Amino acid sequence: PEWEKLAQATKGTAKIAYWDTEERSRPPALLGEIQGTPTIRLFTPKIKQGDSNAKKIVTDYPYERKAADMKNFLESNMPSFLESVKGGDLSKFQDKANKYGLQQVFIYKTKEKTIPMLKYLSTEFRRRLLIAEIHPTKLNQKILDEFHVTNLPTVLVVVPVKNASSTSDESSSSSIIRYEGDGFSKHKLQSFLSQHALKEKVFPPKKTDEPKKEQEPKRETV
């Protein structure tokens, strides 16, 4: 029953599966060696492997077999691709967004802690949007003022708009789209962000092998 509660509580965020060692044959190699039952393990994809999820990080769960404890463990180990802004400086975030041609999403939070829903959204829209979480600190107040944010939480999408009569960078400006939905559920935010995300993921250019330098002929000593 506790595992069923966990599956219901994390539906749409994580996959909860089981292997019955009494009814089935030897578990597949993917699950690793099992010394006893019940064994509970978390499988998370490695972050730096392009668009593949083939390689996994395996973590054994060592705590109480209660749904609440397992849920906390799972959520604390979820991968996150959020850009954290704490010092009131958006330059690095904006440079990264411009470099890959990604629209910028600002999530102004009420609390310092990152909630699992934001981790999920950052993974779902990875390489199609760049999402920044704005921590509620005094240093970040100027970022709230810059975008006229008075109520928290707030979600904004910054869409670059270019003047059609000119191709220079100086002619570009930005359009601010504010999330006006009723509530901040995962489904509603996902629907809103999907309207502004790129259809195809953007990947950094692959490193090309530099041509090998020709070796100078060895000089003979006389």
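Analyst: Buried means under 20% relative accessible area, exposed over 50%, and partly exposed in between, with a 1.4 Å probe and protein chains only. Helices (H or I, at least four residues) and strands (E, at least two) are DSSP runs, numbered from the N terminus. By these rules, Met117, Leu118, Lys119, Tyr120, Leu121 and Ser122 of α4 are buried. This is a predicted model, where local features need pLDDT of at least 70 and side-chain atom pairs count only at pLDDT 80 or more, while totals for chains, interfaces and linings use all residues. Residues are numbered from 1 along each chain as its sequence is written, and side-chain values use heavy atoms, leaving out hydrogens and water.

User: Thanks! What do the buried residues of α4 pack against?

Analyst: Contact means heavy atoms within 4.5 Å. The partners of those α4 residues are α2, β4 (104-108), β5 (130-134) and α6 (186-194).

User: And which residues of α2 are buried, and what covers them?

Analyst: In α2 they are Ala67, Met70, Phe73, Leu74 and Glu75. Their cover includes α1, β1 (41-45), β2 and α4 (116-124).

User: Why is phenylalanine 73 called buried?

Analyst: Its relative accessible area is 13%, and the limit is under 20%, so phenylalanine 73 is buried. Valine 159, in strand β6 (residues 154-162), passes in the same way: its value is 17%, so valine 159 is buried too.

User: Why are α1 and α2 called oblique to each other?

Analyst: Axes are lines fitted to C-alpha atoms, for helices over the stretch in contact, and angles run from 0 to 180 degrees between N-to-C directions. Angles under 35 degrees count as roughly parallel, over 145 as roughly antiparallel, 65 to 115 as roughly perpendicular and the rest as oblique. Helix α1 (residues 2-9) and helix α2 (residues 67-76) pack at about 45°, with axes 8 Å apart, and are therefore oblique.

User: Which residues make that contact, and how do they split by class?

Analyst: From α1 come Glu2, Trp3, Lys5, Leu6 and Ala9, and from α2 come Ala67, Met70 and Lys71. Ala, Val, Leu, Ile, Met, Phe, Trp, Tyr, Cys and Pro count as nonpolar, Asp, Glu, Lys and Arg as charged, and the others, Gly among them, as polar. That gives five nonpolar, no polar and three charged residues.

User: How many aromatic pairs are there, and by what rule?

Analyst: Rings of Phe, Tyr and Trp (its six-membered ring) pair if their centres lie within 6.5 Å; planes under 30 degrees apart count as stacked, over 60 as edge-to-face and the rest as tilted. The count is eight aromatic pairs.

User: What makes the pair of tyrosine 61 and phenylalanine 73 edge-to-face?

Analyst: The centres are 5.0 Å apart and the planes stand at 70°, so this pair is edge-to-face. Tyrosine 61 sits in the loop between β2 (56-60) and α2, and phenylalanine 73 in helix α2, so the pair ties together parts twelve residues apart in sequence.

User: Which type is the pair of tyrosine 63 and phenylalanine 73?

Analyst: With centres 6.1 Å apart and planes at 65°, that pair is edge-to-face as well. Tyrosine 63 is in the loop between β2 and α2, ten residues from phenylalanine 73 in helix α2.

User: Which residues form one aromatic cluster?

Analyst: Phe93, Phe106, Tyr108 and Phe147 do.
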